Amino acid sequence: DGFLAILEKDAKERAKQRKKNERLANALKEKGNDAFRKGDYVIAVQRYTEGLEKLKDKQELYTNRAQAYLKMHEYEKAIGDCEWALKCNEKCIKAYFLMGKAHLALKHYSESRQCYEKILQIDPQKESLFKDGMNEVNLEEKRMKDEERAVKEVQSGKLAALSIKELLQKLDRPDQNILYYTGGIRLLTGAVKDCTEQTLFRTNNGFSILNDNEIVRRGFCAERKNTAEVDLSVSLLSLWQAVCAGNEENQRLLLTQPDVKSQLPKLLSSGVSEIQKETLALISLYSENEHGRRLLVRHQDLTKWLQILMRFVNSTDARASSAMNILSHLTEEERFKTQCRVMLSTGVLPLFTQLLTSAKLVNQAALAHCIGIMGNLCADVVIRTQMAESKECWQTCLKLVDDCFCVSTPKYQESVFAVLGLMMNLLLESNVIIQYFAVDISGRCMSLLRNKDGRIVTRAIGVLSRILAASSSAVEDVVKGGVVKKIIKFLKVGGQLTSNYGIKTLSICTRSNRQAQEDLVKSDKRFSVLLKLLDSENEMIVGNAALCLGQCLAVPGAATSLLNSNVVMILLKHAGGDARRTSVQENAAIALGKLCVAEPRHVFQLRKLNGLAILNSSMKYVHSM
């Protein structure tokens, strides 16, 4: 007993001491973190080390010290600390991440990749971190191989390789005429033919042309450029295209140049077509691939780019399509969408509504592309909410639709198609502005149902399927305008998308409008269209078709007209089935119950199919209606 008491006392004392040590270790960790944030990595290492003296198995102290060692270029020590962290916690993702960085700095490419692969094994949700790490390793390995190959070509006396170095040396001469530098830059651009020349440009400090030469820098950065300065700027932009095409390391280095970073948006807004054309071509090199887009997002302030690039819709030449293609690619980046929020209400929306108002005067192909881009940006909830609450946005969308009845060119019709897609996305929101415009929007869509372009008709029905729920007045107007008969006509020949929108529209109209119910019974003889939709493999279509059918069974004679059909079997299948959407089962059960209440003779068919239990379960839905 005495021995056990001693053991127990010892365990309590050790636990007490550990708690004390843990408090001290945490305090030292915070001091280390503070020093790290200030960039004092030596002090940070000291504090983390002192913390480890208090608590040797504290994983965070090892990984934090490893991070400080990385900043000090002490890569072997960083790896050692990561290994100790993994002994504390074998699934420590931070340890593998930092170890991957350290191995990469030591050119241990295989080991670095293994670290990032381990992260993905531990947590498959870290795929983005894995991809970034692997991409960094691949780029660094390629950079080293490219530079080794370039050195060999210079040593072998290859003329093309030697010419790059010679031309850069000539451009390094100070105080020459601006025309001298422009000519030299053009010669250099012509000399860059492949990856070797691109690499030699980089390794011979080619990117310093702008920083080290005051005449070149002043000409490139001039606010109002004369002819010589325009030629110089165009030459520089062409050179950078040549050295950056397909070369990720050169792309990265170019964007780290301060003057390039500040001048790109100014060049886009310069109003000089030659400069704008070459700037757009340069930016396109980045926007066309994921790595390039991430460089742009990381190194550029893109808050004004949506507005700047959108202005090119006014251009009648290739600049318009180039600008829209860049925007289209940039919208694939979530961080770009986030930056677009900043200027949306004050800069972007006023410009966008102005372009929609002037739709007949601008580059219509570019305008259609621009509208589509704005529609894609609506995937961002903040952007969608702001646009959906803009009265001017809805007014100009409606004006564009109005003008389509007097402008029937294919390019203008593309803008109408795009604006309907934008409206559909905006209608994912619900607000008083949408309610205010509901009657006008539904009225325009009714007019578009006569359009010869089937895509426009489908989208018009899509807008109806989303706007009608916002206004009973809109429902009443479209029903009076014969929407039911028209939709039934489209449902007879339409594809799945048209069917999806069409049956949703009918389900809204027949929910509380008696005329709509009667129109459907009259237009869809013996419910042949609805029965066909109930056999669809699309659960959305089936659910809305069942809902619509149930709502129309209140019309006298509707249920009787179905006596010799297979409607009971179809509804029974859905009501007792295993659809992923419970609304499908519920709507089918309700329709089945209403069918048997309205026309009791359907119960005989139900008995034959042993479906009375399902009918009984559906009655609670019927009574709650």
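This is a predicted model: local features need pLDDT of at least 70, side-chain atom pairs count only at pLDDT 80 or more; totals for chains, interfaces and linings use all residues.
Residues are numbered from 1 along each chain as its sequence is written. Local features need pLDDT of at least 70, side-chain atom pairs count only at pLDDT 80 or more, totals for chains, interfaces and linings use all residues, and side-chain values use heavy atoms, without hydrogens and water.

Start with charge. Side chains of opposite charge can pair when their charged atoms come close. The whole structure holds 34 salt bridges (a side-chain nitrogen of Lys or Arg within 4 Å of a carboxyl oxygen of Asp or Glu). One of them joins Lys-142 to Asp-146, at 2.9 Å from N to O. Both residues sit in helix α7 (residues 127-155), 4 residues apart, so about one helical turn separates them. Helices here are DSSP runs of H or I with at least four residues, numbered from the N terminus. Asp-146 is buried at 6% relative accessible area, while Lys-142 is partly exposed at 33%. Buried means under 20%, exposed over 50%, and partly exposed in between, with a 1.4 Å probe and protein chains only.

Another bridge reaches further along the sequence. Glu-429 pairs with Arg-384, with the closest N and O atoms 2.8 Å apart. Glu-429 lies in the loop between α24 (410-426) and α25 (432-448) and Arg-384 in helix α22 (residues 381-388), so the pair ties together parts 45 residues apart in sequence. Both Glu-429 and Arg-384 are buried.

The largest pocket holds about 910 Å³. On a 1 Å grid over the protein atoms alone, a pocket is an open set of points where a 1.4 Å probe fits, with protein on both sides within 12 Å along at least five of seven lines; lining residues have an atom within 4 Å of a point. Its lining has 28 residues, with Lys-101, Leu-104, Asp-132, Glu-136 and Arg-298 nearest the centre. Helix α7 gives the most, 9 residues. Domain 1 (19-153) and domain 2 (159-289) both contribute to the lining, so the largest pocket lies between them. These bounds come from an automatic or database domain assignment.

The second largest pocket has a volume of about 290 Å³. Among its 17 lining residues, Leu-168, Leu-171, Asp-172, Ser-208 and Asp-212 are closest to the centre.

Conventions. Helices (H or I, at least four residues) and strands (E, at least two) are DSSP runs, numbered from the N terminus. Grid points are joined across faces, edges and corners, and a volume is the space filled by probe spheres set on the points.
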